Amino acid sequence: ATSPPQNLQDTGLYADFKTLAVDPNHLAFTPQYPLWSDGAAKRRWLSLPAGGVIDGSDPDAWVFPIGTRFWKEFAFGGQRVETRYLERQADGQWLYAAYAWSPDGREAVLVSQKGRRNAYQLAAGRSYMIPGVNDCKACHEGGRSEILGFSTLQLSRDRDPDALHAEPRSLPDVDVNYLIEKGLLVGFPQQLMKTAPRIEAASATERAALGYMHGNCGHCHNDQGQLKNLGLFLRHVSAGRGQPAVTTTIG
């Protein structure tokens, strides 16, 4: 598609939209360091095109085949509020879209490219905002890969037991090993297959803190994006020793 469908049901997420049964061919996944989103409960799915595989030869910037689709659902108190959609197009660019759910949960319609304010009322007079396309790009295009939560660190089998806001893991447990075993991730470095990726840290608390900053701040604060001149690098990298987040903050 060159433009997103007007209705979420036309993106292919559901096998049956009336019952909201997600297509079983899609892979549900859970990143170990989730982005904090006003306390929303989230679910995520990936769909690869038939015969398509992910090139993992660069562990910090996976390359997804044309036709790859991602969905991310946001809910508060059991009520679906938003589902975001990403699709890799024929020219290699990613299509961004967000769908707002009706209060009765019967339909989800494409929102304006500017997003939607006051999409859901939170506590203390605050409200949840559905981001616009430029808001999405500001984060997703702040590094070498547009995909943030489906990566070497986020899907490592060596998961952080102290990760902040950790979510229940999906079944099957889609991690790096699962993807390799299923032939969906190719070219992944042998060394990282032998030793599962993890954040090097002096303590469990430090590991969790660095992981939180990777998942919540590193997509903008890294040495590749527009904020690199600040010299504050909070994104974890697979190669090398030491942590840029430590050396650029307190080091």
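This is a predicted model: local features need pLDDT of at least 70, side-chain atom pairs count only at pLDDT 80 or more; totals for chains, interfaces and linings use all residues.
Six strands make up an open sheet with antiparallel pairing, in the order E3-E4-E6-E7-E8-E9. Its edges are strand E3 (27-28) and strand E9 (108-110), each of which pairs on one side only. Strand E8 (residues 94-101) runs antiparallel to E9 and is joined to it by 3 bridges. Across from alanine 108 in E9 stands tryptophan 101.

The model contains 10 salt bridges. One of them is formed by the side chains of glutamate 73 and arginine 43, at 3.1 Å from N to O. This pair links distant parts of the chain, with glutamate 73 in strand E6 (residues 69-76) and arginine 43 in strand E4 (residues 41-47), 30 residues apart. Glutamate 73 counts as buried because its relative accessible area of 4% is under 20%, whereas arginine 43 is partly exposed at 35%.

A salt bridge also forms between aspartate 158 and arginine 198, whose closest N and O atoms are 3.4 Å apart. Aspartate 158 lies in the loop between H1 and H2, and arginine 198 lies 40 residues away in the loop between helix H3 (190-194) and helix H4 (204-216). Both residues belong to a network of salt bridges that links Asp158, Asp160, Arg198 and Arg207. In aspartate 173 and arginine 169, the closest N and O atoms of the salt bridge are 2.5 Å apart.

Glutamate 167 is located in the loop between helix H1 (133-140) and helix H2 (176-181). Its relative accessible area is 18%, so glutamate 167 is buried. Beyond residues up to four places away in sequence, glutamate 167 touches Thr30, Pro34, Lys42 and Arg44.

Note on methods: Residues are numbered from 1 along each chain as its sequence is written. Side-chain values use heavy atoms; hydrogens and water are left out. Helices (H or I, at least four residues) and strands (E, at least two) are DSSP runs, numbered from the N terminus. Buried means under 20% relative accessible area, exposed over 50%, partly exposed in between (1.4 Å probe, protein chains only). Contact means heavy atoms within 4.5 Å. Two strands pair if DSSP finds at least two bridges between them. A salt bridge is a side-chain nitrogen of Lys or Arg within 4 Å of a carboxyl oxygen of Asp or Glu.
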